[in-house]
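Subject: Handing over the structure, with notes on what was found

Dear colleague,

Please find below the structure I am passing on to you. My notes follow directly after it.

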Amino acid sequence: MPIRTRPVIAVLGSTVQGGRPNPALHSRLDTAAHEWRTATRFGLEPIVFCLGGIGGGGKEAEAPVMAAYLEQVGIPRRVIVEEAHSRTTEENLLHLIAILGSPDYPDAWLGKPTADTPDPTVLPQELPDQVPPITLVTSRTHLPRTMLIAHSIGLEPRGVAAPVHAITLRSLIRELGALAIWGARSLRRLIAGG
């Protein structure tokens, strides 16, 4: 299978604390590792995208912490892509598209730390002609909004919900608020563009 069309497992970031994944991110990463191991048993070797810059009130980029954790649990560095420029779910997905569509993909990103990769914010955010199969991994409460955003930008991914210890009212309110903000931004872009 050509490397540009290899399946992609994209893990969406969550806050890191002191260089470690918070519980939600830990669950997402464990789920992504499970997905990767399952795929390799079927002869595939997906590329794993760690999507997350400094967001959600965090103080450090999520992607490098995510990549380090995945390496610790046995995912080879050679299949990991770090994207540490995004701050929102929408940016996670737009930067994923930009990287996949770049003529330098995967060579400029695969297995390299963020500091050694191109900045996806300056790349065209257009779907490539051939989109590999994409699995998005995020928390159960975050998955519906993530899939809605993915579909709105032209992706048709498979969504996988990482288990959460408890779905709280706070997490649901946060998701509804984030959905409203994304919806308002999308409407504003639509009005401005047409």
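Which residues of helix H2 (residues 62-72) are buried? They are Glu62, Ala63, Val65, Met66, Ala67, Tyr69 and Leu70, where buried means under 20% relative accessible area, exposed means over 50% and partly exposed lies in between, computed with a 1.4 Å probe on protein chains only. Helices (H or I, at least four residues) and strands (E, at least two) are DSSP runs, numbered from the N terminus.

Before going further, please note that this is a predicted model, in which local features need pLDDT of at least 70 and side-chain atom pairs count only at pLDDT 80 or more, while totals for chains, interfaces and linings use all residues. Residues are numbered from 1 along each chain as its sequence is written, and side-chain values use heavy atoms, with hydrogens and water left out.

To return to H2, its buried residues pack against E1, strand E2 (16-17), strand E3 (20-21), helix H1 (23-41), E4 and strand E5 (80-83), contact being defined as heavy atoms within 4.5 Å. After H2 comes Gly74, which has a positive phi, near 100°.

The interior can be described through its nonpolar cores, a core being a set of buried Ala, Val, Leu, Ile, Met, Phe, Trp, Tyr and Cys residues joined through side-chain atoms within 4.5 Å. The largest of them has 25 residues, and Val8, Phe49, Leu96, Tyr105 and Leu136 have the most contacts inside it. At least two residues of this core are supplied by each of strand E1 (8-12), strand E4 (47-51), helix H3 (89-101), strand E6 (134-139) and helix H4 (143-152), with H3 giving the largest share, six residues. Once neighbours within four places in sequence are set aside, Leu96 is in contact with Val8, Ala10, Phe49, Leu51, Ile134, Leu136 and Leu155. A second, separate core holds 22 residues, among them Leu25, Leu29, Met66 and Ala67.

Trp109 sits in the loop between H3 and E6, and it counts as buried because its relative accessibility is 0%. Not counting residues up to four places away in sequence, Trp109 touches Ile80, Val81, Glu82, Ile99, Ser102, Asp104, Thr117, Pro118 and Leu123. Although Trp109 and Glu82 are 27 residues apart along the chain, their C-alpha atoms are separated by 7.2 Å.

The structure also holds five salt bridges, each being a side-chain nitrogen of Lys or Arg within 4 Å of a carboxyl oxygen of Asp or Glu. In one of them the side chains of Glu35 and Arg158 meet at 3.0 Å, N to O; Glu35 lies in helix H1 and Arg158 in strand E7 (residues 158-162), so this pair ties together parts that are 123 residues apart in sequence. Glu35 counts as buried because its relative accessibility is 15%, whereas Arg158, at 44%, counts as partly exposed.

Another salt bridge joins the side chains of Glu45 and Arg78 (2.6 Å, N to O), linking the loop between H1 and E4, where Glu45 is found, to the loop between H2 and E5, where Arg78 is found, 33 residues apart. Glu45 is partly exposed at 24% relative accessibility, while Arg78 is exposed, with a relative accessible area of 53%. Through salt bridges that share partners, Arg6, Glu45 and Arg78 form one network. The side chains of Arg77 and Glu82 meet in a salt bridge as well (2.8 Å, N to O), and both of these residues are buried.

With kind regards
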